[in-house]
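Here are my notes on the model you sent. They are set out as numbered points.

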Amino acid sequence: MKNLHGQIQWTNVFYLTITGQTLQKVGNVRTDWNAGAISQQNFYNDGWVEFRFPSNKYAMMGFGAFNTSVSPSSIKYAIYAHINGYLYVYENGSQLPNIGKYKPIHPQFTATDVLRVERSNGIIYYKKNGVTFYTSTIPSSGPLHVDCSFMLANAAISVINYMFGLEWTGAQNESWNEPGNWNLNRVPTVTDHVIVNACSTCPKLSSPVNVGTLQLNNGSALDLDNHSLTVQTATIINSSKLKSNEGIIRSKDFVEMKNSAFNGGITLEKSGGTLNNCYGGNIFSPKVKILNSSTNTWNVSTQAQNIVKNL
């Protein structure tokens, strides 16, 4: 199966060896839930991760909002591989009572079974070989990372694939509207979570664009030209470069805006959503306009080294 996004990049790695996309607890560490890692990548809307448990040695994988520890307590939604050969579900650090051996839902697993934890339209699904064996009753929203935890020495998890949104590749040219510039070979639509990572060939708009979520990560760049980019939910701008000739980003929420450079006549407009607090470290050209047409507060810090200067 072709990997959609390349390899997951792991951080907060404890007592693991990582070979390709297989994570394994080292063999000389005590028996405890003291090994794990969390992905650097995250997603805000729909997404999933697929994986296998090559050995039944107590391990779990799923999603966490952030890493507070390497124990299961930091994982919000996870499939847990028990040494007895059965799958369990962990949510918010607790094992669900109705899944596993001798329970109403008692899926077994082998080393070849493909497991998936997926969020779709705010609902978490747990799947084995493409079939849902449990649907969470806890609504899910906000950013999630892939999170994992290991108990026994040599316990392992092999990540097969994941999907966090529609990702820019720049494989053809700088045109946003070229399908070959996106990892799924199609142009983003109003429901897509759009991700632009560090790029040498970065996207440029040639017409108005409407997407679900916009995430500009460290080292990315975007040229609006004189067009509008409408974001239905959240915009995240982190250590990126934006330029424009009187273009606009109109977003329901600006969840994050930090350490970025805004060059030319750019309008940033908050159109709805909730309270937004954005970090500083940004450089704004004198022509940048920040508008709040919502009824909610948008704090763009003036105390955290935001500066205005010609770029």
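1. β5 covers residues 47-52 and β10 covers residues 115-120. Five bridges link the two strands, in the antiparallel sense. Strands here are DSSP runs (E, at least two residues), numbered from the N terminus. Two strands count as paired if DSSP finds at least two bridges between them.

2. A word on the source. This is a predicted model, in which local features need pLDDT of at least 70 and side-chain atom pairs count only at pLDDT 80 or more, while totals for chains, interfaces and linings use all residues. Residues are numbered from 1 along each chain as its sequence is written, and side-chain values use heavy atoms, with hydrogens and water left out.

3. Now the sheet around β5 and β10. Seven strands make up an open sheet, in the order β2-β3-β14-β5-β10-β11-β12, with antiparallel pairing. β2 (16-19) and β12 (131-135) are at the edges. Each has a single partner strand, so one side of each lacks a neighbour in the sheet. From one strand to the next, the twist averages 25° (axes are lines fitted to C-alpha atoms; angles run from 0 to 180 degrees between N-to-C directions).

4. Which strands pair with β6? One is β7 (residues 77-81), joined to β6 by five bridges and running antiparallel to it. Another is β13 (residues 144-150), which pairs with β6 over six bridges, also in the antiparallel sense. Phe-63 takes part on both sides. Phe-63 stands opposite Tyr-77 in β7, and its bridge partner in β13 is Val-146.

5. Is β6 mostly covered or mostly open? Strand β6 (residues 59-64) is mostly covered, with six of its six residues buried. Buried means under 20% relative accessible area, exposed means over 50%, and partly exposed lies in between (1.4 Å probe, protein chains only).

6. Val-70 sits in the loop between β6 and β7. Its relative accessible area is 13%, so Val-70 counts as buried. Leaving aside neighbours within four places in sequence, Val-70 is in contact (heavy atoms within 4.5 Å) with Phe-14, Trp-33, Asn-34, Ala-35, Gly-36, Cys-148 and Ser-149. Val-70 and Ser-149 are 79 residues apart along the chain, yet their C-alpha atoms are separated by 5.8 Å.

7. Next, the cysteines. The structure holds one disulfide (a pair of cysteine sulfur atoms within 2.5 Å). Cys-199 and Cys-202 form it, with their sulfur atoms 2.0 Å apart. The link is right-handed, with 115° about the S-S bond. Both Cys-199 and Cys-202 are buried. Cys-148 is buried too, at a relative accessible area of 2%. For Cys-278 the value is 6%, so this residue also counts as buried.

8. Where is Ser-294? Ser-294 lies in the loop between β25 (289-292) and β26 (298-300). Its relative accessibility is 15%, so Ser-294 counts as buried. The side chain of Ser-294 reaches the backbone nitrogen of Asn-296 at 3.1 Å. Leaving aside neighbours within four places in sequence, Ser-294 is in contact with Lys-270, Ser-271 and Gly-272.

Conventions. Helix = DSSP H or I, 4+ residues; strand = E, 2+ residues; numbered from the N terminus. Polar contact = N/O pair within 3.5 Å; in protein donor to acceptor, adjacent residues only side chain to side chain.
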